[in-house]
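Dear colleague,

Please find below the sequence and structure that I am handing over to you. My findings follow directly after them.

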Amino acid sequence: MDPEAGEPIAEAVFSPYAAAELILLEKMAEHLALGMAEKNWSQRQQVERLRFRNEAVQMQRGLQSSVLPRMGRAVKEAAALGHRAADTDLDSHGVRPTKNEDRRIATSPQVERRAQQAIGEVSVITAQIADKADSMYVQIKMRVDAATATSAAPENLRRQAVQQALNVLTARGITGFRDNAGRNWSLSTYLEMKSRTIVNQQLIDSHAERMRERGFNLLVVSSHARPAPQCQPFEGQVLSLDGTTGTVTRPNAAGPGTVSVRIKATLEAARAKGFQHQNCRHAVSAFIPGASRTFTTEPDAKGYEATQRLRAMERAIRETKRKRAIAVDPAAKRRLSDTLRRQQAAAQKHRNMYGLNKRPQRERVDLGYDIGDVNPRGVMPPTTPKPTPDAPSTTRPAPRQLSPDTVTLIEQARNTLPAGRAAWRDTTRDYPRDTNGAKLVPAELTRHLDTTLRVGAAIKRDTDRALTTDATIARLRAEDAKLVAASRHLDPRRRDIRKEIATRERDVIQAALADVRSFGGVQQTVTTQATRSTVGGSDVGAGTSSVVAQVRRAETVFPDDWLNAANRRGELSVGTTDRAFYARGRGDDGRDLIAAGDTSNGNMRHYAAGYRGAFDSLADEVMAHELGHRMEQTIPGLTQLEYAFVRTRSTRGGVLEPLTPIYGDSSSEVGYADEWANKYAGKSYATDRDTDPATVPAEVFQVGLQDTFGRSYDGGEYDRTGQLQEFVMGVLALL
């Protein structure tokens, strides 16, 4: 049983806390920095403290609603993993299960109790977050007030005082979390220790229990380079589960007779001496007398010391990055950047000297963990820079396109939307019907659509303003006007100009959206279809590297946390076909599938040759469309907002318009014509026979991506009103 196998289970619990702690520290610094040069800073801080506490409370609630259930699941997953590992271990040694042996994995009452106990332990810690963060905020303010109390002009000293207080009190994160022994922990380290301990304990216990169930009581310990001194004596040695020690005789599993087995210690005794300590990388596996071997290793104190020295260097790098992230003094930030470069160079030199591998996540303040699907009303990255009286923060660039009012609107809107898939389903419980019996949009879902469109309209106003004043676009339009004035309407240069304008417009829009979240910084795990197959009546050929490259370019228009969520669905298979499509779970080995269309044949060839949009090619734009369909299966609320948008636009006087064919009277593809420039935007797969039609995928978000980021047509290919782009921008900013 390899303890590292349980690492992802524990990470799912403590990774949101690591990210949340950093965000809270950044928010703390932001509020403390407001008005530092003003004489009434101390009075203003009473309001800022309340605002910070409210943010901390929202974050705490988000963690409570989303992460606490993970702790219970983690215990059960660890139990199942330990059980499976024991079976796999024995099977690999040729130990066949008995005829009547039950290989099913059921959650025992004991595991259920441990799961509930673990939830309780983590709940106690989580409930303290807002109070501990607030207490730290108060301590910092008190230090600043004390440091500037005797100054005639305290505002001149305040920035330095705030910076010094932040350095001292936040060096280890948000602290004050005490264990049973009274030791003081930070939020992230306490949850990391707690969740790893719980998961590893359950993993080991379930593995041992299953071994005993199958009649095996002996384990052998693995070895690895540079072991801890407390673990090295047990490398290659036999441990028992039943209390047996010393030399014993056992039946020879590989032949006739018996063999002698020297048992070093019991597993319990070895653990009492430090074996299987936290972060231990030693695995244990079944020892089969006569078939398994034992061995001895030599201590490597120097090597172990080198690894521990590297861990200390990595901790120092994380501490410097944390200080830099919350620095309010530009000079201090520059000094910390210089320190960080020296630390990283020293760590690399140390790795080279001792042949150690670099693990980049160990140098990240959040240990490389992602917030995941924590309640967006609680844990969200800060969207505004830390203000300073005379210079913008160098940690987060000031918004390049979005106005402060728009940023505030987005933050407020996020607090009003449902959190999680179940909460979005609750918005569609009661569908009203029109006089024809057609289902309309539930009132609560209408409110969420209005919020989304209001945010999208604000973003579009800001981007339209930026596009109007953009020098590059103005130069290109002037060049095009000259060609037209010279009667060179068919000059090939005009197509290039149109593509350059579209590309620049896309870049401005992406820069605006990047003010509130990161885009295109994550790659999905992609595999190519190995064989030709038939999916839904379409022939799908094997995938190619060029199709994978299309995926990579299309990913740039999606938020990082969307792509991370898509990765949690599993690998994505890509293949080729005549007309592109997405199919959930229809790829090799049950993976999600995107079959890229062939743009070199049929009607698509004409469009591909004359493509003048912002993507590298029409194939890339279509790939973004199909990735949008995968996001419908990934992002809670997306299909609900699509349903609300299409049906709201298609309802007049309380009556929903009838479905009509999209491609002529004989077309089997139907939708709501509304006032779309291209009726495909209103295509519908849902019917009124569906219990919850708002969960059924649509096409409006996908074609909206094409209008927003492809920009092949002035004013929009699918919608000329601009509302479709507002919808897409609102969705990308909020969900």
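Among the elements of the chain, mean pLDDT (the predictor's confidence in each residue, from 0 to 100) is lowest in helix α18, residues 602-609, at 65, and highest in helix α22, residues 723-734, at 95. Helices (H or I, at least four residues) and strands (E, at least two) are DSSP runs numbered from the N terminus. This is a predicted model, in which local features need pLDDT of at least 70 and side-chain atom pairs count only at pLDDT 80 or more, while totals for chains, interfaces and linings use all residues. Residues are numbered from 1 along each chain as its sequence is written, and side-chain values use heavy atoms, with hydrogens and water left out.

The chain has a mean pLDDT of 84, with 90% of its residues at 70 or more. Over residues 368-399 pLDDT stays under 50, and the model has 91 contacts (heavy atoms within 4.5 Å) beyond four places in sequence for them.

Four strands form an open sheet with mixed pairing, in the order β8-β11-β13-β12; two strands pair if DSSP finds at least two bridges between them. Its edge strands, β8 (526-528) and β12 (581-583), each pair on one side only. β12 runs antiparallel to β13 (residues 592-597), joined to it by three bridges, and A583 stands opposite L593 in β13.

Helix α16 (residues 545-554) lies across β8, β11 (572-577) and β13, at about 120° to β11. Axes here are lines fitted to C-alpha atoms, for helices over the stretch in contact, and angles run from 0 to 180 degrees between N-to-C directions.

Yours sincerely
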